[in-house]
Structures are given as C-alpha cells and as structure tokens.
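Here is a page from my notebook, kept while I looked through a structure. Come along and check each entry as you read.

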Amino acid sequence: MADAELVMLKMEGICKRFPGVVANNGVNLDVRAGEVHALLGENGAGKTTLMSVLCGLYHPDAGSIIWKGHPVRFASPRQAAALGIGMVHQDFKLIQRMTVAENMMLGRQTRGPYFDLREAARMVERVSADFGLPIDPRTPVRQLSAGMQQRVAILKVLAGSPDLVIFDEPTSVLTPQEAESLFKMMRSLVASGKSICFITHKLEEVMSIATRVTVLRDGRVIDTLETRQTNPRELARLMVGREVLFTIQKTPCAPGEAALGVQHLTTAGAPGQVALRDLSLEVRQGEILGIAGISGNGQNELAEAIAGLRPVLSGSIKIGGFDTTHWRAEKITDLGVAYIPDKVRQNAVFLDLDLTHNTIAKSHRGAPLAPHGIFRMRVIDGHVRRLLTQYRVRAPSPRTLAKQLSGGNLQRLVLARESSRAPQLIIAANPTAGLDVGATEYVRTQLLEERDRGRAVLLISADLDELLALSDRIAVLCSGRIVGMVAAADADLEEIGLMMGGARAAEQPCA
Amino acid sequence: MTDPESGQVPAEPAARAQDPSWVHAHHVADAVLRALGSLGMALSAIVAAIVVAGGIIALLGINPIEAFRAFFVGSLGSKNGIAEVLVRATPLALAGLGVTVAFRAGVWNIGAEGQIFLGALGAALVGIYAPPLPQPLHLLLVLAGGFAGGALWGGLAGFLKARFDANEIIITIMLNYLGILLVSFLVTGPLKDSSGLIPQPQTVPLPASAILPKLIPATRAHTGALLALLVAFLVWFLLKRTTLGYTLRSAGANPDAARHIGINVKRAVIIAMLISGGLAGLAGANEVSGVQHYLTQDISSGYGYLSIAVALFGGLEPLGVILASLFFGMVLVGSESMQRAVSVPVYMVYIIEGLIIVSMLLRQLAWRRSK
C-alpha cells in the first residue's frame with residue numbers, strides 16, 4: 001500500500017536475544033518520511049531494544065535494516081548518526097559534571113588534537129537557534145532541570161542533522177508543560193520532513209502526537225495502526241493482551257478500629273526540605289486514606305516518620321495500639337508495617353543483586369528465613385519461588401539480577417515482599433508512577449484487595465485520579481500540614497486542587 | 001549493559017521458569033559459562049602480560065626464555081618454591097579477604113597495609129607479654145590480638161566515615177602511614193630488643209608457644225595457609241549465609257534501599273570496617289607468628305596494597321581471592337628467582353603486575369564491547 005518513495009526505514013525480521021531473554025522476535029517495522037511513528041508496549045515489550053538495534057547500539061542476531069532503500073549494518077551509534085539516525089535516550093546519557101557545550105562535543109570528531117570550547121559554544125548556539133530551543137552552552141549539565149537536560153540531549157542529536165530521530169519515553173521525566181512543548185517541537189520536526197520514532201507506554205501520548213502506531217508485546221509486533229483509526233481502549237487491549245479495566249470496581253468501605261493514629265506530629269526538616277508541623281491523622285482497618293498534595297510538601301517525611309526512618313520532634317504515632325513514636329525502623333517493620341517507598345528503583349530494590357536478595361528484604365532477620373541470624377537456604381528458596389509465582393513476577397530464575405526486570409515487574413516484586421509479611425498497615429508512595437496500564441491496574445487491584453482483607457492503607461500519590469479511584473478518604477497535605485480532609489465519594493477535584501495550592505491554608509501558599 | 005527493556009523476559013521463558021529442571025540446567029550452564037569466561041579472560045590477560053614482559057626483558061639484553069624458565073622453576077619447580085609461594089600467598093589472601101568484606105559493603109578500604117602493621121603489633125604484644133600458656137591457647141590469643149589490632153585501625157576509619165561522613169579512602173591511606181610509622185617508632189624505641197645482640201630494630205622473638213606450626217617440614221611454609229582457607233570459608237559464609245552479611249551487602253549495593261528496609265547503614269559501615277581491618281590484622285599476625293617470629297618495621301612489604309588487586313582479581317569472591325592470592329604469590333616468588341638466576345631487576349615484578357592488571361582491564365573492555 002505504501003509508496004516505496006515514502007518509506008524511509010524498513011526493519012525486517014529483527015531478532016535480538018540476551019541471556020535467558022528474547023527481547024525482539026522477528027520484528028518488522030516501517031517508518032515513512034515525515035511521520036511520528038509511536039512504538040507502544042508495556043515495560044519490557046522490546047521497544048528500546050528494537051531502537052537500540054536501529055541506532056547501532058546492539059547488533060541484531062537476525063534480520064535486516066533497509067535505510068532509504070539500501071540495506072545497512074551499523075557497527076556503532078556513530079555510524080548510524082553519520083547516515084542520519086539519532087536517538088534521544090531515556091536517561092539522556094549526558095555527563096553531569098560537564099557543561100552543555102562539552103556534552104555536545106562528546107563523540108564528535110574534532111579538528112586536530114585540541115578541543116575548541118569557543119567553537120563548541122558557537123555550534124551550540126547555532127543549533128539551538130536553528131531549532132528554537134534556547135540554552136546556555138556554558139552551564140554545567142548537573143545544574144539543569146530534567147527538561148533542560150533533555151533539551152541538551154535533543155540538541156546533541158539534532159546537531160548531526162538526522163533524518164530520523166528516536167525518542168525513548170521522553171515524557172517520563174517532564175512536567176505536563178514541558179511535555180507539551182516537547183510535542184510542539186516534535187511536530188515542527190516532522191513538518192520539516194524528518195521522521196520520528198517515539199517509544200512510549202502512555203496511550204494519551206500516542207493519540208495526541210503519533211501518525212501511526214506499532215504495538216509490541218513480548219518482543220513481537222502485534223499490529224501497526226493508523227492513529228486516526230484506533231482508540232485508547234483498543235490500543236490498551238493490544239498492548240496488554242486482554243481487556244483493561246479503566247475504572248476499578250470498589251466495594252464499599254467497612255472500616256474497623258484505628259490501625260494508625262498520628263497526633264500533633266512534628267519532625268525536623270532537612271535543609272531545604274519541608275518538615276511536618278503539628279500533623280494529625282488516622283487510618284482505620286479496611287480503609288484507604290489518600291494523601292494528596294504537590295510533591296515536596298511533606299509526603300516523604302510523613303511516610304518516613306511513620307516507618308521509623310525519621311526522628312520525631314514532638315507528637316505521637318500509634319500503630320495497632322502501640323506507641324511507636326520513637327521505635328527503630330526494624331521494630332516497626334516487625335510490628336506489621338509495610339512501606340513501598342517513592343522511586344522504587346532507587347529506594348526499594350538492589351538493582352545489582354539478584355531477586356532472592358530483593359525478595360527476602362525485611363524478612364532477612366529471624367525466623368523463619370534466618371533463625372539465629374543464619375540463612376535457611378531451602379526455606380528461602382521456597383519462599384522466593386512461591387512469592388515470584390504468586391505475584392506473577394516474570395523472571396527466568398531467582399538468580400536473575402533485579403536490574404533486568406521491567407518497572408512493572410519490580411513493583412510486583414516489592415508488593416510481593418511487603419504484602420507477604422501480613423502487615424496491618426501499608427504505606428504506599430506513588431506506587432504506580434512510571435508503570436504501564438497493565439501493571440498499574442495490577443498494583444491498584446492489589447491495594448484494594450489488601451484493604452478488603454482489613455488492612456489499613458496510607459496511599460500517598462501525586463496522581464489525583466488514582467487517589468479518587470482508590471481512597472475512601474483523602475487528606476490534603478500542604479507545607480507539612482493537613483489542610484483538608486474529604487470523603488472520596490463526594491470529593492471535588494477542583495476543591496482538592498485549590499487546597500493543594502494552599503487556598504485553605506491560612507499561611508503562605510505551598511511550594 | 002542491559003537496559004530494563006531488553007532485560008525483561010517474554011512469556012515463553014517465564015512459563016519455563018515454572019519448570020525447576022529447566023531453571024536448574026539453565027542456571028548451571030550459565031554459571032559454567034561465566035566461570036569459563038572469567039578463567040579464559042584471566043589466562044589471556046596473563047599470556048599477554050608475559051609476552052610484553054618478555055619483550056622488556058629481551059630489551060634488557062637477557063634471554064626471556066631463560067628468564068621465564070627461572071620464573072617457573074623458582075616458583076613451582078621445587079618443594080621449597082611451592083612453600084615460598086604459600087608463604088607469600090597467605091598474607092595476600094587474608095588481607096584480600098578483608099578488602100573483599102569492605103568492598104562488598106561499599107566501603108573503599110585502601111588501608112589494609114596499615115591494618116596489617118597494627119595486627120602485627122597486636123599479635124607481637126600478646127605473643128611476647130602474655131604469661132606462659134599452652135600453645136593452642138597462646139596461638140589463639142596471638143591471632144585474636146592480630147585481629148583486634150587490625151580491627152582497631154579499620155574500625156577507626158569506619159567510625160570516622162559513619163560519624164563525620166569522612167572519605168574513607170583518604171582516611172585509610174593516612175592511617176597506613178600512621179600505622180607503619182607507629183610500629184617503626186615502637187621497634188626502634190620502646191619495644192626494641194635490648195639484649196644488644198641484634199643491631200636491627202626489632203622486638204625480642206616470640207616464645208615457641210606463640211609460633212604457628214610448620215606445614216611442610218624443612219621449608220618456611222606454615223599453617224597460616226590453612227588459616228587463610230578457613231577464613232575464606234568463614235567470609236563466604238558470613239556474606240552469603242547470614243543476616244549480618246545480608247545487611248553488609250545491602251548497604252554496599254544500595255544505601256538508600258538499605259535504609260528503607262530498616263538497615264542502619266552507618267552501623268553496617270563500622271562493622272564492615274571492623275571485620276575488614278581485623279582480617280588484614282590476621283595477615284599481620286600471620287607474618288609475626290608464622291614467618292618472622294618477631295616484629296620488625298618492615299613486617300609487610302606492601303602486602304596490603306597488593307591485596308586490593310588480589311581482592312579485585314578474585315572478583316570479590318572468597319574462592320577467587322584464594323586463587324588470586326596464589327597467583328600473585330607465584331609472581332612474587334618467580335620474579336625474585338628471575339633476579340637471582342639471570343639478574344632481571346626485581347622491579348620487574350611490579351611491571352608484570354601492572355601489565356596483568358592492564359591487559360585484564362583491556363580484555364574486559366573488549367569483551368563488553370563485543371556484546
């Protein structure tokens with residue numbers, strides 16, 4: 001159907017294996033000139049692998065790449081870039097200590113042995129003027145916001161005047177405003193005749209920016225569709241492989257006794273951080289209390305104070321009838337407090353260690369896994385295998401390294417480890433941030449199930465829709481205080497938003 | 001290397017993961033491949049180093065074939081040669097195991113040398129000044145003294161890091177000088193053998209009850225080698241089979257996550273440095289009680305520094321550390337033999353060490369590239 005002239009790129013039968021994993025299995029993809037082609041798939045569907053093959057980072061085990069009508073083989077990203085294919089990586093791959101100009105020169109040929117900083121700065125200014133993306137070449141990259149760092153990464157690619165630009169989940173680190181301006185820039189790029197491959201797992205983004213979309217699942221192409229002729233529900237089904245519940249069925253709340261009681265809690269604030277001030281709240285058994293608020297208004301401090309990770313200056317914390325205000329974290333954990341911290345990769349798992357290590361965390365002390373401080377390997381092995389199966393953590397073996405798991409699988413693993421300890425209180429901070437629809441649905445369902453089992457859940461989330469969908473009551477946190485408390489059933493989004501912004505707080509507005 | 005996308009597992013292997021026999025076979029094959037890979041890598045690095053070293057020796061006007069003959073005959077060609085290799089490998093292994101514990105806990109202990117000197121001092125004090133005791137008890141106390149001396153020096157660095165967030169690399173390097181100079185001061189002054197018979201600065205000899213028994217008769221090989229094997233097992237057991245080892249490895253792998261699962265990371269740093277220093281201290285005790293039989297100001301000739309290379313070469317695995325220590329012991333003994341036989345300067349040993357490390361790194365780099 002496609003006019004051969006229009007097809008910039010054709011990938012045929014691409015296969016790429018890693019030890020224990022088939023990341024791409026006979027993938028076909030074609031990208032036309034002047035289109036935004038979305039690659040949609042769950043975490044781990046093989047999107048990034050496919051694009052890494054395309055930009056010369058990986059060599060495919062099988063398959064061919066036809067670029068502008070000629071078969072090509074890239075030995076390195078530099079070769080791919082020379083032929084006009086550039087990739088903006090999810091983690092940017094910038095050197096934090098270097099300036100913008102220095103980063104832009106990385107991997108480029110210089111004339112002679114010396115590095116002409118002034119020329120580099122001129123180059124940055126030229127490119128940034130060409131594309132209307134202003135930036136100061138002399139600023140060290142580490143001083144830039146995530147959005148600006150991404151701009152540097154994009155300029156770096158654009159400086160090579162590519163015909164095809166690959167964006168790997170570019171919006172995951174951006175604010176909504178930054179994402180909108182990124183989309184604007186992408187539209188102007190395709191308007192000037194360039195093609196874009198856009199890796200994402202977010203359905204709205206596909207619908208708003210992509211011309212066509214190729215859906216990947218488990219390393220295979222499921223379908224390629226015109227965006228105009230599809231809808232989010234169909235895409236979600238193709239991506240996950242079954243119907244996805246966009247709204248979660250929730251049984252009425254049947255709260256029992258207070259599981260967590262916080263009275264007049266005040267904590268010290270780290271420099272530049274918000275401290276909790278005279279904060280009181282209560283979570284009952286079988287209830288989800290949502291904490292709304294603009295991030296950085298004391299959410300982490302609240303979770304850490306309850307979990308025993310942050311010293312309490314005054315006030316009290318009661319968990320299950322015990323005054324745990326000044327207890328050590330280990331003791332609070334053993335009392336039955338599960339804590340799923342914000343930023344799981346950074347705060348909850350050991351990426352360089354195996355799944356066994358990660359799964360037994362918190363249960364690594366005492367019976368039944370480690371009576372007298374010595375591991376019972378058979379018991380541990382059984383425990384780990386059972387949890388991985390029960391919570392459907394997809395991994396070749398318990399010896400697999402955690403960094404090889406996708407975000408959704410890692411979150412499942414953390415959920416498995418926390419819920420398996422039969423907690424009476426679960427603290428969950430942004431438990432679905434960065435997860436695809438399938439994994440998000442799973443995590444939310446699990447939290448509701450825990451609630452229905454009579455456990456108390458403190459759900460801290462930056463996602464208001466998530467709070468409204470899961471919580472029974474919602475408390476609004478602002479500048480370390482609770483500024484409002486509403487029942488989720490009759491919560492008004494706008495009212496909560498105003499409270500988050502500090503409209504009801506008598507003092508200064510929130511950060 | 002692998003990004004989260006590609007590392008993720010599609011449905012098929014996940015289904016197979018339910019089948020334990022498959023997992024087992026897969027796991028064993030994987031482990032064998034990995035072991036063969038790293039062994040091959042080490043061997044090719046060594047071969048490359050030997051070729052370059054041979055070139056340098058030839059430039060010195062010495063026949064490299066003869067030099068290498070002397071190298072291997074001297075180190076592996078006789079009972080005495082093998083005994084000497086064991087004598088050199090033992091302190092390297094003990095200190096290397098100490099370094100392993102610290103590095104696994106994420107603490108960069110560069111201070112094994114100083115910890116060896118403090119361990120030697122502790123062992124010598126217990127050996128010389130303890131009341132007459134039966135040999136097993138006296139030996140045990142000597143070793144405990146060595147451990148305590150090293151643990152003091154290591155623990156001090158750990159405490160400074162935990163309490164004041166001091167950089168442990170700088171602290172441990174500084175403590176090396178302090179430890180070496182402290183022993184130097186003591187053996188030239190307060191602890192010097194005052195019999196007047198010995199001109200060198202050293203303490204009086206240890207009584208027979210404080211001396212490690214011989215391993216191979218009529219050589220210098222002593223039972224410290226068995227101690228090193230035992231310690232290797234204990235370190236493996238500590239790291240892989242105990243709650244304490246779990247906390248140390250967690251703190252080393254990701255301090256943020258360790259804190260969130262309730263581990264006191266500062267405490268872990270101090271414990272790791274106590275153990276690490278203690279094991280280096282055992283190397284010092286081993287030198288005093290097994291080799292020299294008195295304390296001198298050159299009780300360790302750089303074993304502490306070399307033990308860092310030993311630990312890294314051994315892949316921070318106890319068994320690997322033992323093998324690496326034997327290899328480096330052989331390099332030390334062989335180089336001295338080359339010097340005696342064909343007068344290759346003894347500095348050649350540093351060149352060979354450096355060459356092996358560099359070629360190993362290059363090999364690793366090439367291997368990663370090819371993936």
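Predicted model: local features only at pLDDT ≥ 70, side-chain atom pairs only at ≥ 80, totals over all residues.

**Entry one: the domains of chain A**

Nine residues from domain 1 of chain A and nine residues from domain 2 of chain A make the contact.

**Entry two: a helix pair in chain A**

Next I picked helix H14 (residues 407–419) and helix H15 (residues 437–452) of chain A, whose axes are 9 Å apart. How do these two run relative to each other? They pack at an angle of about 15°, and angles under 35 degrees count as roughly parallel, so H14(A) and H15(A) are roughly parallel to each other. I also noted that the crossing of H14(A) and H15(A) is left-handed.

Where they meet, H14(A) brings residues including A:Leu415 and A:Arg412, while H15(A) brings residues including A:Tyr442 and A:Glu450. The residues of this contact of H14(A) with H15(A) come to four nonpolar, five polar and two charged.

Is helix H10 (residues 243–253) of chain B largely enclosed or open? I found nine of its eleven residues buried, so H10(B) is largely enclosed by the rest of the structure. Among the buried ones in H10(B) are B:Tyr246, B:Leu248 and B:Arg249. I looked up what covers the buried residues of H10(B), and the cover includes helix H5 (79–104), helix H9 (224–241), helix H11 (255–260) and helix H12 (265–292) of chain B.

Technical notes
Residues numbered from 1 in each chain as written. Chains lettered and ligands numbered in written order. Contact = placed C-beta atoms within 7 Å. Axes fitted to C-alpha atoms, helices over the stretch in contact; angles between N-to-C directions. Helix = DSSP H or I, 4+ residues; strand = E, 2+ residues; numbered from the N terminus. Parallel < 35°, antiparallel > 145°, perpendicular 65-115°, else oblique. Left-handed = near helix turned anticlockwise from the far one by under 90°. Nonpolar A, V, L, I, M, F, W, Y, C, P; charged D, E, K, R; others polar. Buried ≥ 20, exposed ≤ 12 C-beta atoms within 10 Å, placed from the backbone.
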